[in-house]
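Biologist: I'm new to this one, could you walk me through it?
Modeller: Gladly, let's look at it together.

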Amino acid sequence: MTLPLFLAAAVPPSTPAAGPITLSPVSLFLEADIVVKIVMIGLLLASVWTWGIIVSFTARLGRARKRSEEFERAFWQAQDMDAFVKDRGKDDAPSAAVLQAGISEWRRSTAKRGLSAEGTRDRLATAMGSAVATAIDKISDRLNVLATIGSVAPFVGLFGTVWGIMRSFTAIAGEQNTSLAVVAPGIAEALFATAIGLFAAIPAVIAYNRLSHGVNRLEARLQRFADGLYTTFSRELEGA
Amino acid sequence: MDRSERLGLGVSTAGHVLLFGALSLGLLQTSVTLPPPQQTIDVSIADDVALTSMTPNPSTAEPEAAQAPEIGAYEPDAAPSEPVEAARVVEPEPAPRAIEPKPKPQPRQQAKPTPAKVTQPPKPAPKPQRASRLGNDFLKGLDDAPPARNPAPAAGANAPMGQAAVRALNAEINRQIRPFWRPPSGADADRLVTLLSVHLDRNGGVVGQIEVVGQQGLTASNRAQADLHAERAVQAVMRASPFRNLPPEYYDEWKWLQPLRFDARLAQ
């Protein structure tokens, strides 16, 4: 910080500037104040984390949706439900967990004599509903991080900028010189903090909206599968 | 943190490193290339108009009322003799002619010879005075009858050089200082004036200490800039020295630049 300022003051106006003015992120970072540096590092880590979550979450959501779809198609085409459950009941598709919850509740309810069909239907619905909720909870684990980064990162960046600008104004007061060469580097560094904040926040907000929409669709699909199972079990209860 | 999250973090870290590496290495770098400086031509404006306009030697004396001569008989002999007498007293040896071979005489010494010359045997008048009906006091209001030939008594120490030469010398010194003169900016900073005293040797180099003789235009709001102003003025002289192209025959005039004035106008 002090060295470029000194140089700028020492170069007489008649001589051209030493080279092109660069705005490389590394030089902006290195010349910044310690507080601004901490803010920048934090925001950079937030950005890395955001993209890590985006990548892993997209992969996990896509895998869950594809497996559920495939599992449900196979389930409705299966002739023998018991054989299918024995064969594929341990799949890691969310639908398999819902099926597993329904089947185990069905077995527990039908094992004992004397339990009413009404109560069994209620228990089946509750068991499968909670299985859907558990699966969705497990998948949507990191979404809150995206929401937090998306809403907080701009403010953190703004804090770094305000701090950096305050500092460069202090430098102006110390230098007793208001020429643009004194003011400009400090403000450029300070604004870099806001830039990184936005750099982290914008993908986080977009990804949060998009991924929560994906989670909602998966939840609706699991709920429909649970409803189908419920009607099937209900029919079986009537028939029994 | 399961396998997919580790994978995601790895991918995103690699992406960030790639992006910032590319930015730092200048692949996406914003470089502001300045236009090449144009070939500068030094223009020295020889301002024949002085900075403050004034008459060469304004007379404060009330001009005497002109008296019409008595109309009498035409006397061819009497008329020539009187103007010769008057011309002898009023017109000194024209100064520039006396200086050209020898630039030494100082203004105070200059002042003395003038009355001395009156006592010398008068030279014959350059032109025979024409007889006139006008009175002798016709030009009395203009107390310097030949002002053009009597260079600038008001210019003080610079008198032996002539005003044009002084202005040219000042312009030359200012021209050499101007590229190095960067006055501080700020509220009222353009009002500040710093006066320096600089001694030069015959090669135009600075001898001894550059002294700040005074500062003008100080206000409450530019007081903070005053020291910097003076410091920049001294720096400008240091950087501009040695001064070149100063006429060696006028060394006496520029060996001591007494009030060397630094103000906002010099920077323009």
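Biologist: Which residues are buried in α6(B)?
Modeller: In α6(B), the buried residues are Val166(B), Arg167(B), Ile173(B), Gln176(B) and Ile177(B); buried is said of a residue with 20 or more other C-beta atoms within 10 Å of its own, exposed of one with 12 or fewer, and partly exposed of those in between, with C-beta atoms placed from the backbone. Please keep in mind that this is a predicted model, in which local features need pLDDT of at least 70 and side-chain atom pairs count only at pLDDT 80 or more, while totals for chains, interfaces and linings use all residues. Residues are numbered from 1 along each chain as its sequence is written, and chains are lettered from A and ligands numbered from 1 in the order in which they are written.

Biologist: And what covers those buried residues of α6(B)?
Modeller: The cover includes α7 (223-240) and β3 of chain B, where contact is counted if the C-beta atoms of two residues, placed from the backbone, lie within 7 Å. Helices (H or I, at least four residues) and strands (E, at least two) are DSSP runs, numbered from the N terminus.

Biologist: How many helices and strands does chain B have?
Modeller: Chain B has nine helices and three strands, and from the N terminus on its elements run α-α-α-α-α-α-β-β-α-α-β-α. Buried residues make up 13% of the 268 residues in chain B.

Biologist: What order do the strands take in the sheet?
Modeller: The order is β2-β1-β3 (chain B), in an open sheet of three strands with antiparallel pairing; two strands pair if DSSP finds at least two bridges between them. The edge strands, β2 and β3 of chain B, each pair on one side only.

Biologist: How many bridges join β1(B) to β3?
Modeller: Five bridges join β1(B) to β3 (residues 256-262) of chain B, and Thr194(B) stands opposite Phe262(B) there. On the other pairing, β1 (residues 193-200) and β2 (residues 206-216) of chain B are antiparallel over seven bridges, with Val193(B) opposite Gln216(B) and His199(B) partnered by Val207(B).

Biologist: What sits between β1(B) and β2(B)?
Modeller: The two strands form a hairpin with five residues between them, and Gly204(B) in the turn has a positive phi of about 90°.

Biologist: Switching to chain A, at what angle do α7 and α8 pack?
Modeller: Helix α7 (residues 143-175) and helix α8 (residues 180-239) of chain A pack at about 175°, with their axes 7 Å apart; axes are lines fitted to C-alpha atoms, for helices over the stretch in contact, and angles run from 0 to 180 degrees between N-to-C directions. α7(A) and α8(A) are therefore roughly antiparallel to each other, a label for angles over 145 degrees. The residues of their contact divide into 27 nonpolar, 10 polar and three charged, with Asp, Glu, Lys and Arg counting as charged, Ala, Val, Leu, Ile, Met, Phe, Trp, Tyr, Cys and Pro as nonpolar, and the others, Gly among them, as polar.

Biologist: Which residues of α6(A) are buried?
Modeller: They are Leu124(A), Ala127(A), Met128(A), Ala131(A), Val132(A), Ala135(A) and Ile139(A), and what covers them includes α3 (34-77), α5 (94-111) and α8 of chain A.

Technical notes: Parallel < 35°, antiparallel > 145°, perpendicular 65-115°, else oblique.
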